[in-house]
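Trainee: I would like to go through the side-chain contacts here and ask what each label rests on.
Mentor: Go ahead, and we will set each value against its cut-off.

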Amino acid sequence: MKFLGIIPARYASTRFPGKPLAILGGKTVIQRVYEQVSGILDDTYVATDDERIETAVKLFGGKVIMTSPNHKSGTDRCYEAMRKVNGDFDVVVNIQGDEPFIQPLQISVLKQCFEDAATQIATLVKPFAASASFAELENVNSPKVVLDKNGYALYFSRSVIPYQRNEERSNWLKNHTYYKHIGLYAYRCDTLKEITALPQSPLELAESLEQLRWLENGYKIKVGICDVETIGIDTPYDLERAEEFFKRL
């Protein structure tokens, strides 16, 4: 199978404008992401709507595709980029442009999901540690996932799922393995075409989680489990944390 990596990158982030071009350890964030994943995929492109990002990617020798400024999601941007890339690919990997510490192992686990011919869409989760605080578990910015016995997602939620009705909250993490969703996706090319044509769904609008649109329309999402911890960058404060993390590597 051939895997195409697409890194959607917008300049106009509400919480951190210009985030892809922020400097981390002497390189831009987008360059860090690109270099982390390009060696393990058959081809990799940054997909952007901003000429400043296009110029920066070309300067470090990366591949870049200009896309429409009107996309509502990274998935939509990935589909446009896929259509513009020359090549016969089986799977598109949607890589978050604000994850400079993404690891090749995570990409490998995601690719392995497609060894199952039934896999239409794949994503990753990381188990919450039994020693984690309940505050970490209930953080609405860390969506939770419940899985079926075959490793497919049953549901994603910003709430804590499952709810342990007859147990003190202080024991929830000790009694059950909770999974934190890692926002890394891969789609078979025909599936990507189909899901970008779907209208927003009630569950998606309620939770503000795009993947619920796919579940609600009958698509199955295979889930890979990986223990790798990374630091995403959503705000300038996150960049400071990332700098400290980088110095410890």
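**Salt bridges, rings, cores and cysteines**

Mentor: Asp 50 forms a salt bridge with Arg 52, and their closest N and O atoms are 2.8 Å apart. This is a predicted model, in which local features need pLDDT of at least 70 and side-chain atom pairs count only at pLDDT 80 or more, while totals for chains, interfaces and linings use all residues. Residues are numbered from 1 along each chain as its sequence is written, and side-chain values use heavy atoms, with hydrogens and water left out.

Trainee: What makes Asp 50 and Arg 52 a salt bridge?

Mentor: A salt bridge is a side-chain nitrogen of Lys or Arg within 4 Å of a carboxyl oxygen of Asp or Glu. The value for Asp 50 and Arg 52 is 2.8 Å, so the pair meets the rule. A search of the whole structure finds 13 salt bridges.

Trainee: Which helix holds Arg 241 and Asp 238?

Mentor: Both lie in helix α10, three residues apart, about one turn of the helix. Asp 238 has a relative accessible area of 11%, so it is buried; Arg 241, at 36%, counts as partly exposed. Elsewhere, Arg 15, Lys 19, Asp 98 and Asp 234 are linked in a network of salt bridges.

Trainee: How many aromatic pairs does the search of the whole structure find?

Mentor: It finds eight aromatic pairs. In Tyr 163 and Trp 172 the ring centres are 5.0 Å apart and the planes are at 80°, so this pair is edge-to-face. The rule is that rings of Phe, Tyr and Trp (its six-membered ring) pair if their centres lie within 6.5 Å, with planes under 30 degrees apart counted as stacked, over 60 as edge-to-face and the rest as tilted. Tyr 163, at 56% relative accessibility, counts as exposed, and Trp 172, at 2%, counts as buried.

Trainee: Why is the pair of Tyr 185 and Tyr 187 called stacked?

Mentor: The centres of Tyr 185 and Tyr 187 are 6.3 Å apart, with 20° between the planes. Both residues are buried. Another grouping is the aromatic cluster formed by Phe 134, Tyr 163 and Trp 172.

Trainee: What makes a charge sit over a ring?

Mentor: NZ of Lys or CZ of Arg must be within 6 Å of the ring centre and within 35 degrees of the ring normal. Lys 2 lies over the face of Phe 89, at 4.9 Å from the ring centre. Lys 220 lies over the face of Tyr 152, at 4.2 Å from the ring centre.

Trainee: Which residues touch the most other members of the largest nonpolar core?

Mentor: Among its 39 residues they are Ile 7, Val 46, Val 93, Ile 95, Ile 107 and Leu 184. Helix α1 gives the most to this core, with five residues. A nonpolar core is a set of buried Ala, Val, Leu, Ile, Met, Phe, Trp, Tyr and Cys residues joined through side-chain atoms within 4.5 Å.

Trainee: How many disulfides does the count come to?

Mentor: The count is zero. Cys 78 is in no disulfide, and the nearest cysteine sulfur, that of Cys 189, is 11 Å away. A disulfide is a pair of cysteine sulfur atoms within 2.5 Å. Cys 78 has 0% relative accessibility, so it counts as buried. The sulfur of Cys 113 is 10 Å from the closest cysteine sulfur, in Cys 226, which is too far for a bond. Cys 113, at 7% relative accessibility, also counts as buried.

Terms used
Buried means under 20% relative accessible area, exposed over 50%, partly exposed in between (1.4 Å probe, protein chains only). Helices (H or I, at least four residues) and strands (E, at least two) are DSSP runs, numbered from the N terminus.
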